[in-house]
Amino acid sequence: ANIGGGVFAIVVAVGVYLFCRRMGGPVREIADGIRDGEFVPYYQPVIDITTGKLAGCEVLVRWRRRNGAMIPPGRFIALAEASGEIFPMTLALMEAARDELADAYARLPQLKVGFNLFAGHFDDSDIVDDVQRIFEGSPIRMNQLMFEVTERQPLNDIPRARLVIAKLQALGVRVALDDVGTGHGGLSYLLKLGVDVMKMDKMFVDAVGTDRYSIAIVDSMVKLANDMNLELIAEGVESFEQLEYLRAKGVRMAQGYVFAPPLPGAMFLQLVAAMNPE
Ligand code: C2E
Ligand code: CA
Ligand code: CA
Ligand code: CA
């Protein structure tokens, strides 16, 4: 019985070890990847559709593995958030984008740049100090920065998130509510968080050209943004029909494959240079 118990204990121990290694493996790979600079910013152009000019970009993270594979955020962001690695990853991404965009700012000093934050960033003010420290002395001024909070995840503490947002705004940066109409907040986040910008999800943009009920929702979102004095950015614009519809409704900012997908830094800089020759 003693030997059986010992074997059992060893089997359990090996099982626990293998389980931990399976879960710990990917988290460790993320931590190593951050240290090795494998999380790189891609930049999706945001276009002022009233003028056709490049207004700014949204920074979207990609994981460039050592073997050259480019992993989209859908495959690792959730794990990075659950493990806390999202915090150092976000800082590394902001630093990389700040450095990489320096050339773009020489040509286009008005360029705006948006970063995605996750719900946990709004639990305390660390992000406020980090933003100040990272962008201090860079050509990117505070009023050209935007931070996006998604409605897809519930915020843990709305009054606290409101406070963090107010502190970011006190620095001069703008805050956007992302994925409006698709997630937890419903309209309440729009009322409670005091954001400056509303990002209309692709789901609504996709409704253009379909049935009149879906279009009615698009129209009312545009009206809501106007009535609340929020800038509206339409995302996921893929067709000229969608683009023309939004323009006719008075939407000013748009991003989507009809213009460009998220681009690696070198390509984004080429685009800036092509659109703004010296
Ligand atoms: P999101 O913030 O809503 O970003 C927009 C997503 O739509 C991006 O996917 C973008 O590539 C994609 N997209 C843009 N235009 C079009 C279009 O015309 N058609 C289609 N089909 N898709 C379009 P991506 O880069 O895979 O990012 C997915 C999500 O991952 C983002 O959604 C965001 O929630 C999250 N994410 C990305 N980067 C970061 C980051 O640095 N930090 C955090 N916390 N989340 C991030
Ligand atoms: Ca976003
Ligand atoms: Ca979005
Ligand atoms: Ca979206």
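Q: Which residue in S6 is the bridge partner of Thr150?
A: In this predicted model, Thr150 is paired by a bridge with Asp178 of S6. The chain then crosses from S5 through helix H6 (residues 158-171) to S6, in a right-handed β-α-β crossover. A crossover is called right-handed if, with the strands pointing away from the viewer, the path from the first strand over the helix to the second runs clockwise.

Q: How are the residues and chains labelled, and which parts of the model are used?
A: Residues are numbered from 1 along each chain as its sequence is written, while chains are lettered from A and ligands numbered from 1 in the order in which they are written. As the model is predicted, local features need pLDDT of at least 70 and side-chain atom pairs count only at pLDDT 80 or more, whereas totals for chains, interfaces and linings use all residues; side-chain values use heavy atoms, with hydrogens and water left out.

Q: What makes a run of residues a helix or a strand?
A: Both are DSSP runs numbered from the N terminus: a helix is H or I with at least four residues, and a strand is E with at least two. By this definition the chain has 11 helices and 10 strands. The C-alpha trace spans about 80 × 45 × 35 Å along its principal axes.

Q: How do you know that S5 and S6 pair?
A: Two strands pair if DSSP finds at least two bridges between them. Leu177 stands opposite Met198 in S7.

Q: Why is Asp179 called buried?
A: Buried means under 20% relative accessible area, exposed means over 50%, and partly exposed lies in between, with a 1.4 Å probe and protein chains only. Asp179 has 8% relative accessibility, so it counts as buried. At 7%, Asp201 is therefore buried too. In S6, 7 of its 7 residues are buried. Of the 278 residues of the chain, 44% count as buried.

Q: Why does Asn229 count as exposed?
A: The relative accessibility of Asn229 is 73%, and so this residue counts as exposed. Asn229 lies in the loop between helix H9 (212-227) and S8.

Q: What makes a residue a donor of the calcium ion (ligand 2)?
A: Donors are N, O and S atoms within 2.8 Å of the metal, or 3.2 Å for Na, K and Ca; water is not among the atoms, so sites may look incomplete. Glu58 (OE), Asn116 (OD1), Glu148 (OE) and Asp178 (OD) lie 2.2 to 2.3 Å from this ion, so they qualify as donors. Distant parts of the chain are linked here: Glu58 in strand S2 and Asp178 in strand S6 are 120 residues apart. Both Glu58 and Asp178 are buried.

Q: Which residues coordinate the calcium ion (ligand 4)?
A: Asp179 (OD), Asp201 (OD) and Glu235 (OE) coordinate this ion at 2.5 to 3.0 Å. Their spacing along the chain is D-x21-D-x33-E.

Q: Which residue bridges the calcium ion (ligand 4) and the calcium ion (ligand 3)?
A: Asp179 bridges these two ions, which lie 3.1 Å apart. Asp178 bridges the calcium ion (ligand 2) and the calcium ion (ligand 3), which lie 3.8 Å apart.

Q: What makes a space a pocket, and how much lies in the largest pocket?
A: On a 1 Å grid over the protein atoms alone, a pocket is an open set of points with protein on both sides within 12 Å along at least five of seven lines, and lining residues have an atom within 4 Å of a point. Grid points are joined across faces, edges and corners, and the volume is the space filled by probe spheres set on the points. The largest pocket holds about 920 Å³. Of its 35 lining residues, Glu58, Leu60, Pro73, Asn116 and Asp178 are the closest to its centre. S2 gives the most to this lining, with 5 residues.

Methods: On a 1 Å grid over the protein atoms alone, a cavity is a set of points where a 1.4 Å probe fits but cannot get out, and a pocket is an open set with protein on both sides within 12 Å along at least five of seven lines; lining residues have an atom within 4 Å of a point.
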